[in-house]
Amino acid sequence: MVKVGVIGLQGDVSEHIEAARKALENLGVAGEVVWLRKPEQLEGISAIIIPGGESTTISRLMVKNGLLEPVRKLGEEGLPIMGTCAGLIMLSKEVIGATPEQRFLGLLDVRVNRNAYGRQVDSFEAPIRLAFSDEPFPGVFIRAPRIVELLNDKVKPIAWLGDRVVGVEQDNVIGLEFHPELTDDTRVHEYFLGRSCNGESALGAGNLRGRIFRSFRFSLHFH
Amino acid sequence: MGKLHVIEAKGTDRLKRGFAKMVKSGVIMDVTNAEQARIAEEAGAVSVMALHRVPADIRKAGGVARMAPIEKIQEIMDAVTIPVMAKVRIGHVAEARILEALGVDMIDESEVLTPSDPYFHIDKREFNVPFVCGNRNLGEAVRRIWEGAAMMRTKGEAGTGNIIEAVRHVRLLRDNIALLQRMTDEQVYGVAEKFAEPYLRLAFEVREISGLPRHVLENEPIYSHYTYRDIVEGLYKILLEIKKLGRLPVVNFAAGGVATPADAALMMEMGMDGVFVGSGIFKSSQPEKMARAIVEAVNHWDEPDVLAEISKEIGEPMRGQDIEELEVRLEERGV
């Protein structure tokens, strides 16, 4: 049994929960997807999704609820984390256009420009290309942040709009400008969870969970 | 695979409803200047509503309440990084076109302003910018969604600091959806016909003036370019979707009377996706604290011990008014 947590403080949480459930089903992986609001819920977690929403609000509530540091440590320890839109902003190392109070996880070595595409009237849908699929994917961009620079070659592009990179991965972390959870297409969630749950058969569920939780406690202890 | 030719689509239903999904579990605060907008943003508001006056002051001022001055909205848009909404009068297509051109992120076609059209709301499908509209019950909600609203909110009774009308509107909506789920599709079609009645008022009035019987023609447009049958079919389709989902197909917020963190928690407990706070913040004695507390209450609505902590030392809430004492009932505008 894997346990996927969607950071459930603000934003399109239920859409991600539904997409992740469908993806697990399609992958044939037994697991649960939970609405994650408190640090205690990180126990036994196999993967985390940070949804779309308002990054200033999500940042503030992640700090307030004591989630920011534990999630950062888990990410550093190798826990799979995917962020879409505001989630991408939360994951990034450098953010242009952030408010002074905003805090970030800094797990993705990219520079993003918040709301770079403009206001809601500039939001758009367009087909995008994925590194892991031959068919185009329906890209939904809503007041989206723009990845303006990959800061080193640990960051690999995985999605393109024309020639521009709109999705990246760096080891265990995936950041996307767009919203796969607003479509019926679960390929992105399947890619993320397929990789995340890969250790499942080799290690066994208990091992994977134990390993991740031990590292979480370890990091909290020395924090 | 070769390079894709990028074809962009804007103003689609998915983008409009998607924008509303991004503000779920959030608080949208009424603000009247840049300073208030920054306070709201720092407190964790997901969006601000740019206004000339908050509803409590609109009540006091009387007269005709219109779209806010453009320089005021611009000032607020320049002050914050979060989305900015603004209100237009019910049916005022020109005010809406102006706000769309200005780049407002969402338009509230609102009963808080003085209505401009005695018959109809704006045909919102003609716009790229998403709209939010108020409702008192399922009929109003379904009509607004059919007209293209991407988000719903209760009307409540704005500017009163009194939650009773918002609670009434949530209950009427919820129980009507439950009833819908016990109906046959044929009965649902009857509901669609009933819900289409307000669109007939203009056509009937014209006939009455001309001494003709109440009747519309099969191919006669009665609202925008839609015939009576188009409207009934449209409402029926939405009602069937609601019956299947057990909820509205768009994000639904509480509005009109939220004045304390407990009010916000009550609305979340009743199944709302988030809250609008109008006068409740900047008419309280300590707006910064009240704003933060309401944001946290929406986040912790189901944890009473946390709510108790949040509700401490937040100053005096706005004074509030009994509904029976009101001279003007804003909620009755725009059915």
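In β4 of chain B, the bridge partner of B:Ala86 is B:Ile107. Helices (H or I, at least four residues) and strands (E, at least two) are DSSP runs, numbered from the N terminus. β3(B) and strand β4 (residues 106–110) of chain B pair in the parallel sense over five bridges. Two strands count as paired if DSSP finds at least two bridges between them. This is a predicted model: local features need pLDDT of at least 70, side-chain atom pairs count only at pLDDT 80 or more, and totals for chains, interfaces and linings use all residues. Residues are numbered from 1 along each chain as its sequence is written, while chains are lettered from A and ligands numbered from 1 in the order in which they are written.

Stay with β3(B). This strand, residues 84–89 of chain B, is mostly covered, with six of its six residues buried. A residue is buried if 20 or more other C-beta atoms lie within 10 Å of its own, exposed if 12 or fewer, and partly exposed in between; C-beta atoms are placed from the backbone. Both faces of β3(B) are covered. B:Val84, B:Ala86 and B:Val88 are buried on one side, and B:Met85, B:Lys87 and B:Arg89 on the other. Strand β2 (residues 47–50) of chain B also pairs with β3(B) in the parallel sense, over three bridges. There, B:Met49 has B:Met85 as its bridge partner.

Now widen the view to the sheet. It is open, has eight strands and pairs in parallel, in the order β9-β6-β5-β4-β3-β2-β1-β10 of chain B. Its edge strands are β9 (251–253) and β10 (275–277) of chain B, each pairing on one side only. Neighbouring strands are turned by 30 degrees against each other on average, direction ignored. β1(B) and β2(B) pair in the parallel sense over four bridges. B:Met29 stands opposite B:Val48 in β2(B). Helix α5(B) packs on the sheet and touches β3 and β4 of chain B. Its direction makes about 160 degrees with that of β3(B). Two residues are in contact if their C-beta atoms, placed from the backbone, lie within 7 Å. Axes are lines fitted to C-alpha atoms, for helices over the stretch in contact, and angles run from 0 to 180 degrees between N-to-C directions. β3(B), helix α5 (residues 93–102) of chain B and β4(B) make a right-handed β-α-β unit. A crossover is right-handed if, with the strands pointing away from the viewer, the path from the first strand over the helix to the second runs clockwise.

Next come two helices of chain B. α2(B) and helix α4 (residues 70–79) of chain B pack at an angle of about 35 degrees, their axes 8 Å apart. B:Ala34, B:Ala37 and B:Arg38 in α2(B) meet B:Glu75, B:Ile76 and B:Ala79 in α4(B). By class, this contact has four nonpolar, no polar and two charged residues. Ala, Val, Leu, Ile, Met, Phe, Trp, Tyr, Cys and Pro count as nonpolar, Asp, Glu, Lys and Arg as charged, and the others, Gly among them, as polar.

Turn to the interface. 35 residues of chain B are in contact with 36 residues of chain A. On the chain B side, the elements giving two or more residues are α1, α2 (34–43) and α13 (287–299). The largest share, five residues, comes from α1(B). The chain B side divides into 15 nonpolar, nine polar and 11 charged residues.

Eight of its 10 residues are buried, so α2(A) is largely enclosed by the rest of the structure. Among the buried ones are A:Ser55, A:Arg60 and A:Met62. Their cover includes α3 (68–76) and α4 (86–91) of chain A together with α2 and α13 of chain B. A:Gly66 follows α2(A), and its phi is positive, near 70 degrees.

Two loop residues remain. Most residues other than glycine have a negative phi. A:Arg143 has a positive phi, near 40 degrees. A:Arg143 lies in the loop between β8 (137–141) and β9 (146–150) of chain A, and is buried because 25 other C-beta atoms lie within 10 Å. B:Ser25 also has a positive phi, near 55 degrees. The loop holding B:Ser25 runs between α1 (13–21) and β1 (27–31) of chain B. B:Ser25 has 27 C-beta neighbours inside 10 Å, so B:Ser25 counts as buried.
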